[in-house]
Amino acid sequence: MSAPVRTRTTEETAVTTTLPEAPAAAPALGTGGTAPLVRRRGAGVTRWAAPLAVFAGLIGLWYAITYLVLEPSKRFLMPPPQDVLAAFTDGPTMERIGEALAQTVKVTFTGLAIAIVLGMAWAVLMSQAKVAERSLFPYAVALQCIPILALVPLIAFWFGYGFPARVIVCVLIALFPIVSNTLFGLQSVDRGMHELFDLHGASRTTRLLKLQLPAAMPAIFAGFRISAGLSVVGAIVGDVFFKQGQAGLGIVLDNFRNRIQGAELFATILVAAALGFAVFALFGWLGRLAVGRWYDQSRDAA
Amino acid sequence: MSAPAPSVPAAGTGTRVLRFRDVAKAFPDGTVALEGVDLDVHRGEFVTVVGPSGCGKSTLLRIASGLSPATSGTAEMDAARIGYVFQDATLLPWRTVLKNVQLLAELHGMSKTATNQAARDALELVGLKGHERKLPRALSGGMRMRASLARSLTLDPDLFLFDEPFGALDEITRERLNDELIRLFHAKGFGALFITHSVSEAVYLSTKVLVMSGRPGHIVDTFEVPFGADRTPELRFTPEFAALSGQVSHALRAGHS
């Protein structure tokens, strides 16, 4: 989902970083044959200037909406950036957000851990026989197609409004990418490698452990990364809906909205976004740690 | 390295490790890949099948190894362990060279010490000593093929099947590996069935060359190769080599048309 964006950034970084080291390559890269030195210096500046300009533009737009579009009486809808920053320095607010964050992190990681175990087991089972795949894959697809929000009332109905219900929402939302990526990885092993294992009488288990699972690791980690982001979404959605028990970020967001505390609401949104980003980055890093040694992630399409 | 060695059985005198009688193979789509193939491979014999692309040479090896059954006829393999070197090296990219070479011994349930010893010996034999900890991605095509060879060598196979193993390599690497293979063959005395479309490679390596025709593939001619164990690259430029290559080439063209 967000992966194509990621891939592009990696390529861009790769190109820009090779430029200063390899002047000979500059014309080949399409910068033209003229004055490669000047071009290279220019590329170095644009590398930072362009993203900074976009960022400054967005902040400017924010100010414009706050002060030029909104009447003073409606300014709470979009408090200016300095008010949002001020919310971060307010002790009681931060304490609330901090506690909520801890709760959301707990739900996210519990849900994600369960989704990983269930999803991988599900995929391994499907990889073992065509009939298993035919009977079990439709449910994985169903899981992806049913809007989880539609199931949330049912989950509350069955499991109450507490921690377990929130974790279940997380699991349901995070499960599919793990199932599909693991299955894809297990099935995409080169035929020649399978024949090598056939020739030497490898058992199913040996083949799974020594060939299929290691080969599937890059795809599996790509799945984890997507699911990690989704798991944060699940934790917050569950929270917003259930509204009871220990407050997570969802409840806090909802409270600030109710009380028309715009700045605090924005601050909480930023914290939630940071959590999503951190979890995504964590799994990207774990993936590189696990397979980066042998797998070139710039080819990563999943 | 240089001392070729222990008592090598003369060609054709070792125990028979592979026997094909009237083997045919038809695929479900109706294509007849092989028809009436007879061949024998003994220990100490290096048999090469040369033929045009798509004549069913690879199918021959798949039947010999048991990867694919023959449609009719008998194909008997009488080897405790076989080595199969594929067109590409099929190394597991996440394993180091040493771990890759240990794979087959692991699959055959050899003890840890035996596996380790066999792998180190094999790596030394193929000249990859010192590259144990590298990953396949860090190796050249030729080195990957050496690793692949070493992997099969750990089993000390009676029958070695080669499916155009050097087809993707440059000529110099290919010739060097040919020499290594001759040396290994004389040191170990296995029986070999080698597939290639290169006439000179076939003549250079083999004790016997079988010429295969195009579809449906069958053996059209057999040549005994008179050269001994002491083959050197210069052999390729001798009149005897040229004459034999010419005959094989001629048979190949006759069978192909």
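From the N terminus on, chain A runs α-α-α-α-α-α-α-α-α-α-α-α, that is, 12 helices and 0 strands. Helices (H or I, at least four residues) and strands (E, at least two) are DSSP runs, numbered from the N terminus. This is a predicted model, in which local features need pLDDT of at least 70 and side-chain atom pairs count only at pLDDT 80 or more, while totals for chains, interfaces and linings use all residues. Residues are numbered from 1 along each chain as its sequence is written, and chains are lettered from A and ligands numbered from 1 in the order in which they are written.

**Chain A**

- Of its 302 residues, 31% count as buried (20 or more other C-beta atoms within 10 Å of a residue's own; 12 or fewer is exposed, in between is partly exposed; C-beta atoms are placed from the backbone).
- Among contacts in chain A with a separation of 6 or more, 73% come from residues 24 or more positions apart; two residues are in contact if their C-beta atoms, placed from the backbone, lie within 7 Å.
- A:Arg225 sits in helix H10 (residues 204-242) of chain A.
- A:Arg225 counts as buried because it has 27 C-beta neighbours inside 10 Å.
- Not counting residues up to four places away in sequence, A:Arg225 touches A:Phe280, A:Phe283, A:Gly284 and A:Gly287.
- A:Phe280 is 55 residues from A:Arg225 in sequence, and the two are 5.4 Å apart from C-alpha to C-alpha.

**Domains of chain B**

- Chain B is divided into domain 1 (1-80 + 161-257) and domain 2 (91-157), with bounds from an automatic or database domain assignment.
- The C-alpha centres of domain 1 and domain 2 of chain B lie 24 Å apart.
- Contacts join 10 residues of domain 1 of chain B to 7 residues of domain 2 of chain B.
- On the domain 1 side that touches domain 2 of chain B, 8 residues are nonpolar, 1 is polar and 1 is charged; Ala, Val, Leu, Ile, Met, Phe, Trp, Tyr, Cys and Pro count as nonpolar, Asp, Glu, Lys and Arg as charged, and the others, Gly among them, as polar.

**Strands of chain B**

- An open sheet of 3 strands in chain B has the order S2-S1-S4, with antiparallel pairing; two strands pair if DSSP finds at least two bridges between them.
- Its edge strands are S2 (32-42) and S4 (72-77) of chain B, each pairing on one side only.
- Neighbouring strands of this sheet are turned by 15° against each other on average, direction ignored, with axes fitted as lines to C-alpha atoms.
- Strand S1 (residues 16-26) of chain B pairs with S4(B) in the antiparallel sense over 5 bridges, and B:Ala24 has B:Ser72 as its bridge partner in S4(B).
- Strand S5 (residues 82-85) of chain B pairs with strand S6 (residues 159-163) of chain B in the parallel sense over 4 bridges, and B:Phe160 in S6(B) is the bridge partner of B:Gly83.
- From S5(B), B:Ile82 and B:Tyr84 point one way and B:Gly83 and B:Val85 the other way, and all are buried.

**Nonpolar cores**

- The largest nonpolar core has 75 residues, and B:Ala150 and B:Val248 have the most contacts inside it; such a core is a set of buried Ala, Val, Leu, Ile, Met, Phe, Trp, Tyr and Cys residues joined through C-beta atoms within 7 Å.
- This core draws at least three residues from each of domain 1 and domain 2 of chain B.
- Apart from it lies another core, of 61 residues, including A:Val107 and A:Phe241.

**Chain interface**

- Contacts link 14 residues of chain B with 13 residues of chain A.
- The chain B side touching chain A has 9 nonpolar, 3 polar and 2 charged residues.

Terms used
Axes fitted to C-alpha atoms, helices over the stretch in contact; angles between N-to-C directions.
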